[in-house]
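Subject: A structure for you to explore

Hello,

Here is the structure I promised you. Please open it beside this email, and then read on for what turned up in it.

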Amino acid sequence: MHLNNKGMTAIELLVTFVLVAVIVVSLYNGVVKLKEKETISSAQLSIDTYKNLITKDIQDDFIKKGLVSADIKALTSEEGYQVNFLFKDNSRKVLKVVQQFGCTATDAEEAADICTKRGIDKNASDKFSISYGPEGDIVEYPLPDLGHEVISGIDGGADHTVYSLKINEVNIVSKNRVFSLHITLTHPDLESDYSIDIVTPLNYP
């Protein structure tokens, strides 16, 4: 058997380079996809923990104390709702849901088109939170920060922040001796929405 001592030909070198490039690209794509899955899993865990914590705190009171009434009203200083709960032991607690959408526009023309028409100030930030507790001592549960963008102020205004995770829908009803709470959380990178759903009878004997 005779060995070729002339070294690698140009074609062999090219083929080797292409193979190495394909392997490197495949490995890189695999790492990127794995990182994306880890990020999504982490976001899902954060949202699940958040909604389960709030649901448990509220439901524990409904089950242990028994809900007599729920007075629902719109917030005066912020966008959202406040619910005043009265329990059978005559204790009271307050649920406060802030749902304030900021402006995602980056210039005055865009702001006029997508923000002003919706009644949103062109330099307004997102503000989403759920608070619950005794009157005068409620605890705020700010949404997990799962990504945000700081947008430069428009027309000399202050910089403002918009978040990826939002309270997209709030539906609170108290009628026919039943109280129901439905809050939907959305994130652009997650395929499905997450919701806080609580239903309980009012003044159940």
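Predicted model: local features only at pLDDT ≥ 70, side-chain atom pairs only at ≥ 80, totals over all residues.

Residues are numbered from 1 along each chain as its sequence is written, and side-chain values use heavy atoms, with hydrogens and water left out.

Where does Asn 90 sit? Its place is the loop between strand 2 (80-87) and strand 3 (92-100). Helices (H or I, at least four residues) and strands (E, at least two) are DSSP runs, numbered from the N terminus. Asn 90 has a positive phi of about 70°, although it is not a glycine. The hairpin of strand 2 and strand 3 has four residues between the strands.

With a relative accessible area of 70%, Asn 176 counts as exposed.

Five strands form an open sheet in the order 1-2-3-4-5, with antiparallel pairing; two strands pair if DSSP finds at least two bridges between them. Strand 1 (67-74) and strand 5 (139-142) stand at the edges with a single partner strand each, so one side of each has no neighbour in the sheet. From one strand to the next, the twist averages 15° (axes are lines fitted to C-alpha atoms, for helices over the stretch in contact, and angles run from 0 to 180 degrees between N-to-C directions).

You can follow the pairing across the sheet:

- Strand 2 and strand 3 are antiparallel and share seven bridges; Gly 80 has Val 98 in strand 3 as its bridge partner.
- Strand 3 and strand 4 are antiparallel over eight bridges, and Val 94 stands opposite Gly 133 in strand 4.
- Strand 4 (residues 127-134) and strand 5 run antiparallel, joined by four bridges; Ser 131 has Glu 140 in strand 5 as its bridge partner.

While you look at the strands, remember that in a regular strand the side chains alternate between the two faces of the sheet.

How many disulfides does a search of the whole structure find? The search finds one, where a disulfide is a pair of cysteine sulfur atoms within 2.5 Å. Cys 103 is joined to Cys 115, with an S to S distance of 2.0 Å. The torsion about their S-S bond is about 90°, so this disulfide is right-handed. Cys 103 lies in the loop between strand 3 and helix 2 (108-114), and Cys 115 in the loop between helix 2 and strand 4, so the pair ties together parts that are 12 residues apart in sequence. Both Cys 103 and Cys 115 are buried.

Lastly, is Thr 161 buried or exposed? Thr 161 counts as buried, because its relative accessibility is 17%. This residue lies in strand 7 (residues 160-163). Leaving aside neighbours within four places in sequence, Thr 161 is in contact (heavy atoms within 4.5 Å) with Ser 125, Asp 126, His 148, Glu 149 and Val 150.

Happy exploring!

Technical notes: Buried < 20%, exposed > 50% of the residue type's maximum accessible area, 1.4 Å probe, protein only.
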